[in-house]
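Here are some short notes for a colleague who has not seen this entry before. Please read them with the model open.

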Amino acid sequence: MNSSSATTSPSVLERGLHTLREKGDLELYANVFIIGIAVIFTLWQGTGFAITLATVFCIWAILSVSLNLVVGYTGLLSVGHIGFFGIGAYGMAILTSDTSYELLRTEAIPQFGWPFFAALPACVLAAGVVALGVGAVFNRFRDDIYVLVSFGFAIIAFNVFLSWRALTRGAFGIHDVQRPSIGGWQLTGDIEFLILCVVFLLIAVGISWFLVSSSFGRVLKAIREDEQVAQVFGYQTTYYKLAIWVISAMMAGLAGGLFGSFTKFVDPNSFILLESMLLVSIVILGGLASIRGSLLGALAFVLLEEGMRFLPFLPDEFIGQARQVVLGVLLVLLMLFRPQGLAGRYKL
Amino acid sequence: MTDVRSYFSSRSNLLAVVMTALVVAYIGWKITESPDQALQFAFNGMSVGAVYALVAMGFTIVYSTVWFFDMYYGAAAALGAYGVFYLRSSETLGGLYEINNPIVNGIFALVVAGVVAWALHTAFYYRLRSRFSDRTLRITGSVVAAIAGLYAGIVLTYPKELHITLSPVVAALVATGVVLICRTAYIRIAGSDGLKVPTLAALVVGIGLGLFLAVWIADSPGSKLYLSWGVSCFLAGVVSLALYRGLYVYMRERARSPLVMLVATLGILLAFSALIVIVFEPTPRPLPEPFGNETMNILGAAIKGFNIFTIAIAVIGFLGLTWLLKMTTFGRTVRAIGDDEEVAKVVGINTTVIVAIVFFIGAVFAALGGLLSGHDTAIQPRMGLLLLLKGWIASVVGGIGNLQGAIVGGFILGMLEQFGIWDLAGEWRDVVSFLVLILFLSFWPTGILPRK
């Protein structure tokens, strides 16, 4: 293929594709475009709506940044991340919700009544502990098989949420999850919650940035490029992979805790396998091995859903599906023309 | 003896043996506890396992040829099931969810036209180029493809008259089949095809049989359900072929690793499953009963006739695929491509065509599995992904890339699932199968029948 393109002069299409692949201009355009749409959107819809949107964005951004640590920096294509998100959300729901209102006592679950800021570290820890066990088993798998077993983790987690009724109330879901409060000051307003989410997002991004720019991150990249070489140089790659997996899962648990508190209602349908696949596509869309890219991808994802509401011929109930179609087509196109994603540093 | 000792000296082998012994002991204990129920569970496991085996076989033949995971398989399984629902929606629940969308029909007609154009081009263009002008060939090909697309559109637009619209196709297929079989048998027996008389006789018999069948099918509306199976399997296969030829060929040239293909096909699966939800609603739907609802009693266990039919289809599919891969020239080329695609190209195999046909066959198997499981339970948009994963697990359990392994793995996975949920509730079925997967991968990564 290369020889034929070397002998004949490149066509317009080929030159265009070359520019697209080699230069970083696309990244800049995408940044400007997506953020521009976000600004226009805010101006148009008013602040109340924008606050909700921004909170959703923060939660998805924490998730996608954390997944990028595993997929982009370490090269383990995990499709099971939504399981940790779900553990966080359910942890928050079970620990803080007040279930005394339940009429159907048979479906009542144990009550803890913890405050938000005590429950959040518990969620993070729970996700971390589960990740430690799961990661110890998953560490030996690679490539395709890793994808398959991570699918398995997502499905097992979903089934546990759905079927362990004594703890999760199954398909009924858990209502009245608490909003945070500091001392006597209740953070019930949306704007306060948004500030909290932004703070946590900054913390997550900071930790990720610190990790990937330290020597620890360089070892991760070495594992991604060639695990055996990293082993030859004396690094215990198993521990590195386990460590980043647990850290990433803990961030997902944090996002889950925020999500549970934000929606005030948790049920298994938020943690289906499909959501996990969408999450992976956000990370790949935004860019592998790039924290900025993950933020961009999450922003594009959130805006895509809301932007679809303005399509005149699309009924409201199909917005989620239409977004899924767009993401699927984008994935195919990206894999064809730009396998590192919009702002990525690593080609899959 | 030393072999045995060295086998057991490996810790993971020892663990594998211990786990297998534990599972066998558990199942044995359950069987002694209540043999009747165990037999019932075994039958259920067989009928579920037959579906997994079908999906796994389609999956294996593709995977062992191109060596990447094609996630479109899930969509193919869902397309197979939803195709039957689409064509038979006027009969299901008294036409409550009747659906016939001109856009969908148009898209499938276009896909069929494109694939027919490609097939004509690959089959005839280079042979006839010396005899006819380029323009004649192109125009003829386009016209034939357009007619084929139009025909597909008509078939999809009038699903109530399926038995009439499809009777010419059945006639043509039967006639071609009879002629080909007679010719092969004649060449095998007589050693040459010099004589004209037997060929003519086969032609007459074939056309006669085809016409008779066409008239008979056009006269029997009860055959519509079975014809719709054929149509939906064909459509799933055609979409797979079109995806391979139109997309995967270019993507494989660029792809750095199999993961790229996996992610791209994941995108295709996402798009397809969303489109299925848009066209049909997300709620589960039933399919019409194929053979009535009565159950048979075999040794005290109740089993539906349809489940036996499913198992039979899986076995027939396995035998057919084995024959195709081991006995025919096509099978030899497929295995050659699986061994080394570059070398296969060098020795003059048109790999694009062969792999495209493999994709067609694989998707037909997936669609068959999807529609059989849809008849058994109900159809829902996410069934495709679950069936794909189950087929994937079955092929890992049986030994990845091995056809015998696929069918054995499918049946074993079905059995293990059924016996696993004996003491739990039925909703833990998926958990059981993924635990089986993780155990197998940890302790027995080659599977039961490893590929040589």
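1. Chain A has 348 residues, and 46% of them count as buried. The model is a predicted one.

2. The secondary structure of chain A consists of 15 helices and two strands. Among the contacts in chain A with a separation of 6 or more, 80% join residues 24 or more positions apart.

3. Helix α6 of chain A covers residues 116–138. Its 23 residues, at 1.5 Å a residue, should span 33 Å, and the end C-alpha atoms lie 32 Å apart, which agrees.

4. Which residues of α6(A) are buried? They are A:Phe116, A:Ala119, A:Leu120, A:Cys123, A:Val124, A:Ala126, A:Ala127, A:Gly128, A:Ala131, A:Val134, A:Gly135 and A:Phe138. As background, residues three or four places apart in an α-helix point the same way, because there are 3.6 residues a turn.

5. Chain A and chain B touch, and the contact draws 35 residues from chain B and 35 residues from chain A. On the side of chain B that touches chain A, at least two residues each come from α10 (224–254), α11 (258–279), α16 (383–398) and α18 (429–443) of chain B. The most comes from α11(B), which gives 15 residues.

6. What is the class make-up of the side of chain B that touches chain A? That side has 27 nonpolar, three polar and five charged residues.

Technical notes
Residues are numbered from 1 along each chain as its sequence is written. Chains are lettered from A and ligands numbered from 1 in the order in which they are written. This is a predicted model: local features need pLDDT of at least 70, side-chain atom pairs count only at pLDDT 80 or more; totals for chains, interfaces and linings use all residues. Helices (H or I, at least four residues) and strands (E, at least two) are DSSP runs, numbered from the N terminus. The expected span of a helix is 1.5 Å times one less than its number of residues. A residue is buried if 20 or more other C-beta atoms lie within 10 Å of its own, exposed if 12 or fewer, and partly exposed in between; C-beta atoms are placed from the backbone. Two residues are in contact if their C-beta atoms, placed from the backbone, lie within 7 Å. Ala, Val, Leu, Ile, Met, Phe, Trp, Tyr, Cys and Pro count as nonpolar, Asp, Glu, Lys and Arg as charged, and the others, Gly among them, as polar.
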